Amino acid sequence: MGEQEFIRAEHINKTFSKQGKKIKAVDDVSLELYRGECFGLIGESGSGKSTLANVIAGLEKADSGAVYMDGPGGKINLLDAGNRKIQKEYCQKRQMIFQNPRLSFNPAMTIGKGLEEGVRYYTKIPAARRKELALENLELVGLKREYYDRHSSELSGGECQRAAIARALMIEPEFLICDEITSALDVSVQAQIMSLFMEIQKKKKMTCLFISHDLALVSSICNRIAVMYNGKIVESGDTKQIIYHSSSNYTQKLLQSVFFADRETMTRYERKKMESSI
Ligand SMILES: Nc1ncnc2c1ncn2[C@@H]1O[C@H](COP(=O)(O)OP(=O)(O)OP(=O)(O)O)[C@@H](O)[C@H]1O
């Protein structure tokens with residue numbers, strides 16, 4: 001049976017203006033994600049990954065392009081600004097996890113209340129059940145129930161990213177967008193967060209757009225990847241195919257720097273994952 005399409009971005013363009021200069025952050029990008037897959041988006045810093053993700057998430061307005069998903073009566077364009085109902089429904093289906101987990105939480109609010117925010121906004125679930133849900137999700141990510149009453153400043157970086165994952169799971173999203181979720185963490189903590197993330201993604205069968213500049217990490221968890229450079233997707237498809245038979249000079253350079261030059265500086269976890277993935 002063929003893969004079932006979950007979301008499709010078509011001809012996305014986004015330009016920023018900075019000090020009178022135009023920066024083409026995303027340049028005519030099209031991308032398709034299958035239901036339940038973890039799709040990797042890689043590329044160096046400034047290549048446009050976050051901007052593309054923000055457009056797909058509905059957090060950034062594109063200059064042009066469309067993002068299609070199944071809706072009542074057929075495909076709907078999520079970028080259709082006129083349709084607030086569609087946008088609210090989509091926001092309930094997707095969640096983002098960012099590089100800096102502390103920014104996911106209001107420092108004045110307890111972790112528990114931070115977890116409950118989305119549920120309070122999107123659903124009519126009563127307060128007692130909201131609290132139960134928050135406690136259940138804290139447990140799911142390996143945090144004790146007492147973290148419910150703590151503040152983000154009282155958590156380590158890794159604990160805070162666990163809490164951010166729990167927060168993202170609260171409204172049971174179908175689609176997770178993960179933007180460099182381990183880059184701000186210590187190497188040993190990165191491995192723990194990655195195995196937690198992979199376990200949850202598989203268990204909940206969520207579709208995921210996983211963004212990272214770390215090709216070794218992405219190739220260890222994603223069967224399909226896209227490589228971005230200068231706002232464009234220079235290559236996309238099967239991860240192994242791209243690693244072994246890349247047709248793009250840029251990907252080849254990226255591969256050389258990650259898999260060969262940096263081999264010595266890789267952590268044992270990264271090396272093991274990379275080697276088992278190719
Ligand atoms: N709000 C903004 N205003 C002006 N320029 C921006 C803005 N956001 C991004 N850019 C520019 O757009 C380009 C793409 O940035 P983007 O953050 O999408 O890249 P990235 O691949 O995610 O990089 P990183 O891995 O460092 O996060 C960069 O040149 C960046 O400076």
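A residue counts as near a molecule or strand if its C-beta atom, placed from the backbone, lies within 6 Å of it. The model here is a predicted one, so local features need pLDDT of at least 70 and side-chain atom pairs count only at pLDDT 80 or more, while totals for chains, interfaces and linings use all residues. Residue numbers start from 1 along each chain as its sequence is written.

Start with the ligand. It has 13 residues around it, and Phe16, Ala25, Ser45, Ser50 and Thr51 come nearest. Two or more shell residues come from each of β1 (5-18), β2 (21-34) and α1 (49-57); these names follow DSSP runs, numbered from the N terminus, with helices being H or I of at least four residues and strands being E of at least two. The biggest giver is α1, with three residues. Sorted by class, the shell holds three nonpolar, eight polar and two charged residues. Here Ala, Val, Leu, Ile, Met, Phe, Trp, Tyr, Cys and Pro are nonpolar, Asp, Glu, Lys and Arg are charged, and the others, Gly among them, are polar.

Next comes the sheet. Four strands form an open sheet in the order β2-β1-β4-β5, with antiparallel pairing (strands pair if DSSP finds at least two bridges between them). Because β2 and β5 (74-77) stand at the edges with a single partner strand each, one side of each has no neighbour in the sheet. On average, neighbouring strands are turned by 25° against each other, direction ignored. Strand β4 (residues 64-71) pairs with β5 over four bridges, and Tyr68 has Asn77 in β5 as its bridge partner.

Now for the helices. The axes of α5 (residues 157-169) and α6 (residues 187-204) come within 10 Å and cross at roughly 15°. Axes are lines fitted to C-alpha atoms, for helices over the stretch in contact, with angles from 0 to 180 degrees between N-to-C directions. That angle makes α5 roughly parallel to α6; the label goes to angles under 35 degrees, with over 145 being roughly antiparallel, 65 to 115 roughly perpendicular and the rest oblique. Gly157, Gly158, Gln161, Arg162 and Ile165 of α5 make the contact with Val189, Gln192, Ile193, Leu196, Phe197 and Ile200 of α6, where contact means C-beta atoms, placed from the backbone, within 7 Å. By class, this contact has six nonpolar, four polar and one charged residues.

Helices α3 (residues 111-122) and α4 (residues 127-140) have axes that come within 9 Å and cross at roughly 120°, so they are oblique to each other.

Methods:
Two residues are in contact if their C-beta atoms, placed from the backbone, lie within 7 Å.
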